[in-house]
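Please look over the sequence and the structure first; the text then takes up a few residues in turn.

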Amino acid sequence: MKNDERAVFSIIFIGILLLNVMVKLRKNAYWMKMDRKTSSAFFSLRGIQVIDIFLRLYSIIGSGFVLIPATLLSACRYSQKGQRRKALFLVVNLAGCRWVNSILRKKWDYRAPSTKPFFIRYGFPSAHAMNATAMYGVLVMLTKRLSRKTKMMLLSLHIGFVSLSRVYLGIHYFTDVLAGVAWGAVWLALMKAVFYSDQRTLKKDLTCE
């Protein structure tokens with residue numbers, strides 16, 4: 001098994017394992033009591049203007065209002081350049097990620113925090129955290145302008161801020177966003193395996209950018 005295949009397999013394995021752990025913790029009364037306290041304490045920090053603006057902005061960045069147009073525009077750009085594999089990768093990843101998230105949320109039917117500022121029926125897993133991980137992960141993967149370490153660092157920070165913004169706004173618990181990141185990583189790894197099982201194909205597409 002090649003290193004790239006091992007990495008994909010490891011991400012899928014660890015992601016599913018983490019998601020299952022989060023599901024069990026969501027059912028655990030003691031854990032959820034602690035999670036509610038921790039999340040509420042973080043939520044209570046609201047009111048510092050600079051932090052409010054920053055995290056509200058990040059919440060918007062992780063929403064479909066930004067991700068859907070950004071993904072479709074990127075797909076159109078790649079398609080116009082004749083890079084149809086990249087375009088299809090983006091579109092399938094977008095549609096599949098959102099569809100899978102809706103299925104998972106209805107399956108477990110875990111409610112959002114009572115501190116939520118507006119109605120959200122399903123809280124688990126966080127769609128924003130999952131979307132940010134899977135969709136921005138693809139955009140980062142398909143660019144060659146930065147080194148691999150730099151891309152991973154920026155993506156990690158980005159996902160972290162999107163996830164924190166949802167807890168800060170009182171919309172999710174920490175368990176919800178961790179589950180969202182876990183399944184977002186699994187979905188991204190699966191899409192990578194489907195579209196770029198051969199690392200040489202990915203490198204070839206990157207050279208065409």
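A residue counts as exposed when its relative accessible area is over 50%, as buried when that area is under 20%, and as partly exposed in between. By that rule phenylalanine 9, with a relative accessible area of 52%, is exposed. The model is a predicted one, and these terms are used throughout what follows.

**Overall make-up**

The protein chain has nine helices and zero strands. Read along the sequence, its pattern is α-α-α-α-α-α-α-α-α. Of its 209 residues, 46% count as buried. Among contacts between residues at least 6 apart in sequence, 77% join residues at least 24 apart.

How confident is the prediction, by mean pLDDT of the protein chain? The mean is 84, and 88% of the residues reach 70 or more. Among the elements, helix 8 has the highest mean pLDDT, at 91, while helix 9 (residues 199-207) has the lowest, at 61. Where pLDDT is low, the predicted coordinates should not be read in detail.

**Aromatic rings**

The count of aromatic pairs comes to nine. In one of them, the rings of phenylalanine 9 and phenylalanine 13 have their centres 6.5 Å apart and their planes at 15 degrees; planes under 30 degrees apart count as stacked, so this pair is stacked. Both phenylalanine 9 and phenylalanine 13 lie in helix 1, four residues apart, about one turn of the helix. An α-helix has 3.6 residues a turn, so residues three or four places apart point the same way.

Another aromatic pair, formed by phenylalanine 54 and phenylalanine 161, is edge-to-face, with 5.0 Å from centre to centre and 90 degrees between the planes. Phenylalanine 54 belongs to helix 3 (residues 49-61) and phenylalanine 161 to helix 7 (residues 148-168), so the pair ties together parts that are 107 residues apart in sequence. Phenylalanine 54 is partly exposed, at 35% relative accessible area, and phenylalanine 161 is also partly exposed, at 28%. Elsewhere, ring pairs link Phe42, Tyr168 and Phe174 into a cluster.

**The salt bridge**

How many salt bridges does the structure hold? There is one, and in this salt bridge the side chains of arginine 26 and aspartate 176 meet at 2.9 Å, N to O. Arginine 26 lies in helix 1 (residues 3-27) and aspartate 176 in helix 8 (residues 174-195), so the pair ties together parts that are 150 residues apart in sequence. Side chains of opposite charge can pair when their charged atoms come close. Are the two partners buried or exposed? Arginine 26 is buried, with a relative accessible area of 10%, and aspartate 176 is buried as well, with a value of 0%.

**Buried polar residues**

Asparagine 93 lies in helix 5 (residues 84-108). Its relative accessible area is 1%, so asparagine 93 counts as buried. A polar atom of its side chain lies 3.1 Å from the backbone oxygen of alanine 134. The side chain of asparagine 93 also has a polar contact of 3.2 Å with the side chain of tryptophan 187.

Asparagine 131 is found in helix 6 (residues 127-141) and is buried at 3% relative accessibility. Histidine 158, in helix 7, counts as buried at 14% relative accessibility. The C-alpha atoms of histidine 158 and glycine 62 are separated by 9.1 Å, although these residues are 96 places apart along the chain.

| Residue | Residues in contact |
|---|---|
| Asparagine 93 | Ala134, Met135, Val138, Trp187 and Met191 |
| Asparagine 131 | Gly62, Leu67, Cys97, Arg98 and Tyr136 |
| Histidine 158 | Tyr58, Ile61 and Tyr136 |

Tyr136 is listed for asparagine 131 and again for histidine 158.

**The span of helix 5**

At 1.5 Å a residue, the 25 residues of helix 5 should span 36 Å, and the end C-alpha atoms are 36 Å apart, which agrees. Just after helix 5, aspartate 109 takes a positive phi of about 50 degrees.

Methods:
Residues numbered from 1 in each chain as written. Predicted model: local features only at pLDDT ≥ 70, side-chain atom pairs only at ≥ 80, totals over all residues. Heavy atoms only, no water. Helix = DSSP H or I, 4+ residues; strand = E, 2+ residues; numbered from the N terminus. Buried < 20%, exposed > 50% of the residue type's maximum accessible area, 1.4 Å probe, protein only. Polar contact = N/O pair within 3.5 Å; in protein donor to acceptor, adjacent residues only side chain to side chain. Contact = heavy atoms within 4.5 Å. Salt bridge = Lys/Arg side-chain N within 4 Å of Asp/Glu carboxyl O. pLDDT = per-residue confidence, 0-100. Expected span 1.5 Å × (residues − 1). Phe/Tyr/Trp six-rings, centres within 6.5 Å; stacked < 30°, edge-to-face > 60°.
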